[in-house]
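Student: Could you walk me through this structure? I'm new to it.

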Amino acid sequence: MNKTRLIIWREFTTRVRKPSFLIMTILGPLLIAGGILAMAWIGSQESTKHQVLVIDTEGVIGRRLEDTDKVSFFIDGNQWPDSVFKASPYTIRINLLPDVLNDPKADLYYKTVPSEFVMSHIRNQLDKTIELARLKKEQIDPEAFERIRKPVDIDSFDIEKVGTQSYAQERAMIGFFFGYFMFIFIFMYGVQVMRGVMEEKQNRVVEVLISSVKPFQLMMGKIIGIALVGFTQFILWIVITGTLTVVGMSVLGADRYDPSELAQQGMTTEVRDQLIKQQMPAADSGFDQEKVADIIKQVNIPLVLVTFLFYFICGYLLYSSLLAAIGSAVDSETDTQQFMFPVTLPMIIAIIVAQIAVMNPASPAVIWCSFIPFTSPIVMMVRVAMGSAPLWQLLLSMGLLVITFIGTTWLAGRIYRTGILMYGKKISWKELGKWLFYKG
Amino acid sequence: MLQVEGVSKRFGDFTALDGITMDVPPGQVFGLLGPNGAGKTTLIRIITRITGPDEGRVLLDGKPMRDADVARMGYLPEERGLYKKMKVGEQALYLARLKGLTKADATKRLKAWFERWGIDGWWNKKVEELSKGMAQKVQFITTVLHEPKLIILDEPFSGFDPINADLIRNEIIRLRNEGVTVMLSTHSMPSVEELCDNIGLIDKARLMLHGNVKEIRKQYATNTYRIEYDGNRVALGNALSFTGELVGAEDRDDHHMARVRIAKGSTVNDVLRQLLPTVAIHGVQEEVPRMHDIFIRAVSEHQPENMVVGMTE
């Protein structure tokens with residue numbers, strides 16, 4: 001077996017056999033799936049049933065407010081002194097302020113803090129009922145108003161692909177998801193590479209190894225070995241999380257997570273309106289399968305997967321080689337700080353720019369960052385998924401990334417081979433620069 | 001076997017090695033001596049091709065060394081460690097395979113070594129369960145397992161108790177008897193006298209002494225003899241007259257010893273001739289300087305101007 005392969009094999013097997021790997025592999029998805037389910041469950045549970053007393057001295061509430069199983073409304077035209085409210089079984093008192101029709105304001109007094117679900121239901125009901133009262137005052141037919149109020153529904157199309165509706169934003173989200181995944185992976189496993197290098201240096205194992213293998217082989221073996229550990233873990237996570245979520249959903253019953261219901265209960269009016277608007281066309285077809293199919297059809301899946309793999313691997317190689325160089329240069333974890341910051345900064349910028357790219361793919365910052373190799377993996381991912389990157393731009397960005405990662409790996413290799421054998425020296429940037437020029 | 005020709009190495013402004021030329025003859029034990037920070041480890045790293053020289057070259061069997069030659073060497077570094085979480089057997093196997101042995105071959109040889117040293121019980125232990133000395137034994141085995149023709153040991157005895165130090169010493173002698181060339185760096189001067197045929201002494205990046213141990217010791221001899229006698233010390237001193245000088249004396253009960261430095265132009269026979277009528281001679285022995293003293297003399301003659309920070313020492 002060749003030496004680099006032997007090193008990769010050791011890095012892989014020793015890590016995969018660690019109890020912590022097994023624990024993380026099983027616990028990770030459990031935590032993620034459990035977290036999703038727990039949040040959905042907790043969100044749907046309201047511990048206290050609220051009896052809401054609405055003080056409506058001006059008599060603007062013309063129709064009954066809708067109760068839910070957690071919120072019941074009671075309306076009274078008289079003011080309630082605080083002491084009487086406190087002694088009453090009501091948990092919330094709402095005072096509609098004077099002149100509520102022209103200046104819609106209300107004060108809410110509670111005994112226990114109501115949840116956001118309860119709050120938004122109250123807000124929603126008051127909005128509707130006051131709107132109705134105002135329509136009546138202006139002598140407008142509510143049904144006519146509903147017809148008038150219809151918001152403009154804009155569907156966008158790419159002129160090159162007339163006939164298909166363009167879901168650029170949704171597609172960008174897919175790209176962002178891939179980019180974010182990449183960010184997490186590169187960071188998690190890049191830091192593991194750094195730790196591994198530091199461990200070898202602190203243990204002085206490296207002194208023994210270096211007489212049989214070249215430093216570069218050692219560095220690349222570690223980087224590749226850890227990448228394989230990461231791939232294995234992620235594949236297992238996807239499989240386990242997928243299984244758990246499917247099982248969990250079918251046990252708890254999927255109907256509870258119907259988005260329109262969630263929207264009615266929980267979201268602010270604007271978001272709800274938007275969501276409901278989006279739900280409308282889907283309402284007939286039961287679920288939004290058509291739209292999902294449309295989005296998926298529009299995303300060039302083979303291209304996205306190929307770019308994902310390419311940027312994933314090259315981005316990981318770029319960052320992990322730099323982190324390996326840092327690990328080799330320092331004596332202890334605390335010394336890594338000053339070198340970590342400049343390496344992590346571009347990644348954080350990349351994530352921010354990728355978010356901008358979802359909203360505004362043509363922004364110059366997005367275009368530039370999709371070329372700069374330190375940010376391009378994440379940002380270009382969004383652009384490719386959106387279909388907003390011409391082929392030449394994609395190829396240029398890829399080319400630049402390859403050239404840069406070859407460059408950084410070479411630089412890292414030079415720092416590494418000096419760093420691993422250097423102890424007890426406070427390392428500065430200048431010092432690192434000098435190491436580059438030491439003769440083999 | 002191994003020739004170092006005019007090797008220099010600089011790290012920025014700091015000169016680690018300055019024109020070192022030395023010869024390590026085959027089938028012998030060569031001692032690389034020098035105070036901390038002298039450049040020994042740097043020289044060893046150049047020989048083992050971990051780093052390259054700025055000037056000069058290293059020849060193996062008369063030919064410039066190539067990367068492939070590293071497989072014919074076994075190197076035990078001064079600062080040595082093992083992966084703490086790995087099992088002993090697995091780790092030894094890994095190191096052996098990195099040296100180019102096949103899995104089957106490495107397993108067979110390792111089992112044999114472990115049996116010979118009575119440590120077969122360690123195979124499935126984790127390295128972190130071993131003491132420092134135990135770990136060093138494993139490291140020694142992995143250094144010589146692939147039967148290299150040249151073995152380089154940096155401070156092989158450090159961290160060993162006397163029993164295990166003897167074990168290692170005997171292994172070194174056994175290897176040398178089998179025709180292996182051994183180069184070792186050590187601060188233990190008695191081991192140098194006992195083991196080394198030749199030495200090279202480096203100080204402040206320069207080679208200060210180089211050659212056969214016996215000859216060097218002779219060269220450093222001050223022509224001083226220890227004479228055991230019976231009689232009066234003052235009379236002995238007077239009797240010496242111009243043939244020698246009394247430089248020291250020890251009197252214990254009935255046992256007297258005088259250290260006499262023989263004057264230029266005289267021989268030990270002249271001295272004895274002078275003394276015989278005065279005192280009864282029981283024994284005469286030349287004082288051969290110990291390596292310890294030679295080391296100190298060689299290094300202090302070449303005084304440090306300022307403190308030097310080396311790579312690892």
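We'll go through a sheet and the helices packed on it.

Tutor: This is a predicted model, where local features need pLDDT of at least 70, side-chain atom pairs count only at pLDDT 80 or more, and totals for chains, interfaces and linings use all residues. Residues are numbered from 1 along each chain as its sequence is written, while chains are lettered from A and ligands numbered from 1 in the order in which they are written.

Student: In what order do the six strands of the open sheet in chain B come?

Tutor: Strands of a sheet pair through backbone hydrogen bonds, either parallel or antiparallel. Strands here are DSSP runs of E, at least two residues, and helices are runs of H or I, at least four, numbered from the N terminus; two strands pair if DSSP finds at least two bridges between them. In chain B the order is β6-β7-β8-β3-β9-β10, with mixed pairing.

Student: Which strands stand at the edges?

Tutor: β6 (73-76) and β10 (206-212) of chain B; each has a single partner strand, so one side of each is left without a neighbour in the sheet. β6(B) runs parallel to β7 (residues 150-154) of chain B, joined by four bridges, and B:Y75 sits opposite B:I152 in β7(B).

Student: Which strands does helix α1 of chain B touch?

Tutor: Contact means C-beta atoms, placed from the backbone, within 7 Å. Helix α1 (residues 40-47) of chain B touches β3 (29-33), β7, β8 (181-185) and β9 (198-203) of chain B. Helix α4 (residues 132-144) of chain B lies across β6 and β7 of chain B.

Notes. Contact = placed C-beta atoms within 7 Å. Axes fitted to C-alpha atoms, helices over the stretch in contact; angles between N-to-C directions.
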